[in-house]
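Take a look at the view below before reading on.

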Number of protein chains: 2
Amino acid sequence: MSKPIQRHSRQRQVILEELRMQTTHPTATELHQLAKQRLPNLSLGTVYRNLELLTRTGLIRRLDTRGGEARYDGDCTHHFHVRCLRCGRVNDAHGLSAAPVKEQVQTLDGYRILGYRLEFEGICPTCQKRPTRQR
Amino acid sequence: MSKPIQRHSRQRQVILEELRMQTTHPTATELHQLAKQRLPNLSLGTVYRNLELLTRTGLIRRLDTRGGEARYDGDCTHHFHVRCLRCGRVNDAHGLSAAPVKEQVQTLDGYRILGYRLEFEGICPTCQKRPTRQR
DNA sequence: CTAATTGCAAATGATTTGCAAAATT
DNA sequence: AATTTTGCAAATCATTTGCAATTAG
């Protein structure tokens, strides 16, 4: 189960270029529309496959935590979360203060700021013990 | 178009109680399984409807930014984002740092911390001008 | 009584996947 | 030649919605 060698494809190149041209943080569909102007028979599936690949490679960033179901918390007191990147499990992160962060944000580009989300990412104790299989 | 009066329902009560009992940040399906033990013909649809309602009311928190499509960013330099809660648009938030917060996090419950997500939420300039329709 | 809420099932929306053909190395 | 990557379509997964029946106030 070795990782496949990555080849160079025109569609991947174009998708990356188009994304880099945008400042709007486009969705897969929007990107598909854009890239299609240069590669008329580019399929949406290919866009998805490449966005996933480019994200894994670290060439681009996916803003939204996708995949799987949404999680809910019944505890509304002020606290943050740590999410395991491998198994998806979420734990509470108590005793942290983001006061310094909050202070920096009064107005942002004319936005009226209502709140913020801060979430840590890492590998949970259980997954650290498991054999590291790269996916 | 006035907001509907909220009534009290047994299923909502049970869903809320079960969520509050958990420390695992369960998903809708997990919660459905749990609550079903007390209300055998509780439907998953009702769970979704109530999670949505409870989140709007502020009684619970939804951890994941759901709805719509994922957004991507071709700019991998260190920066954060502001998301408009009304139209979903995302802008960059430069010149901010969560370093002070990160410093507090060396180990968290045994997690190996690899990074964090910080995202601000608010109303964008365009939406501020639009008439405020509550949904 | 009136309107909110439910269960059920079907619909939707986003993303993923199987497969044979095309492209890369 | 060997494998990755593609386009297409069908499949999957999470969530939403329409509707008639039930329930709360």
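## Two copies and their contact

Superposing chain A on chain B takes a rotation of 180° with 0.0 Å of shift along its axis, and the RMSD is 0.2 Å. The two copies are thus related as by a two-fold rotation axis. Please keep in mind that this is a predicted model. Which residue of chain A comes closest to the rotation axis? That is Leu118(A), with its C-alpha at 2.2 Å. The same surface serves both copies, since 100% of the contact residues of chain A recur in chain B.

Now for the contact itself. Chain A contributes 69 residues and chain B contributes 70 residues. Between them, chain A and chain B bury about 6,800 Å², with 51% of it on carbon and sulfur atoms. On the side of chain A, the most area is lost to chain B by Tyr72(A), Tyr111(A) and Arg117(A), together 15% of what that side buries.

Polar pairing also features here. Across the interface of chain A and chain B there are 47 residue pairs in polar contact, both residues being at pLDDT 80 or more. Which element gives the largest share of the side of chain A that touches chain B? Strand S6 (residues 111–123) of chain A does, with 13 residues. Sorted by class, that side of chain A has 30 nonpolar, 21 polar and 18 charged residues.

## Strands that pair

S6(A) runs antiparallel to strand S6 (residues 111–123) of chain B, and 11 bridges join the two. In this pairing, Gly115(A) stands opposite Glu121(B) in S6(B).

Within chain B, strand S3 (residues 80–84) and strand S4 (residues 90–93) are antiparallel too, joined by 4 bridges. Arg83(B) stands opposite Val90(B) in S4(B). S3(B) and S4(B) form a hairpin with 5 residues between them, and Gly88(B) in the turn has a positive phi of about 85°.

## Salt bridges

Side chains of opposite charge can pair when their charged atoms come close. Over all chains, the whole structure holds 14 salt bridges, and the count between chain A and chain B is 4. Two examples are set out here.

| Salt bridge | Closest N and O atoms |
|---|---|
| Arg117(A) with Glu121(B) | 2.8 Å apart |
| Arg62(A) with Glu52(A) | 3.7 Å apart |

Glu121(B), the residue opposite Gly115(A), is thus also the salt-bridge partner of Arg117(A). What about the pair within chain A? Arg62(A) forms its salt bridge with Glu52(A). Arg62(A) lies in strand S1 (residues 61–62) of chain A and Glu52(A) in helix H3 (residues 44–57) of chain A, so this pair ties together parts that are 10 residues apart in sequence.

Note on methods. Residues numbered from 1 in each chain as written. Chains lettered and ligands numbered in written order. Heavy atoms only, no water. Contact = heavy atoms within 4.5 Å. Buried area = accessible area lost by both parts, 1.4 Å probe. Salt bridge = Lys/Arg side-chain N within 4 Å of Asp/Glu carboxyl O. Polar contact = N/O pair within 3.5 Å; in protein donor to acceptor, adjacent residues only side chain to side chain. Nonpolar A, V, L, I, M, F, W, Y, C, P; charged D, E, K, R; others polar. Pairing = 2+ DSSP bridges. Least-squares fit on C-alpha atoms with pLDDT ≥ 70 in both.
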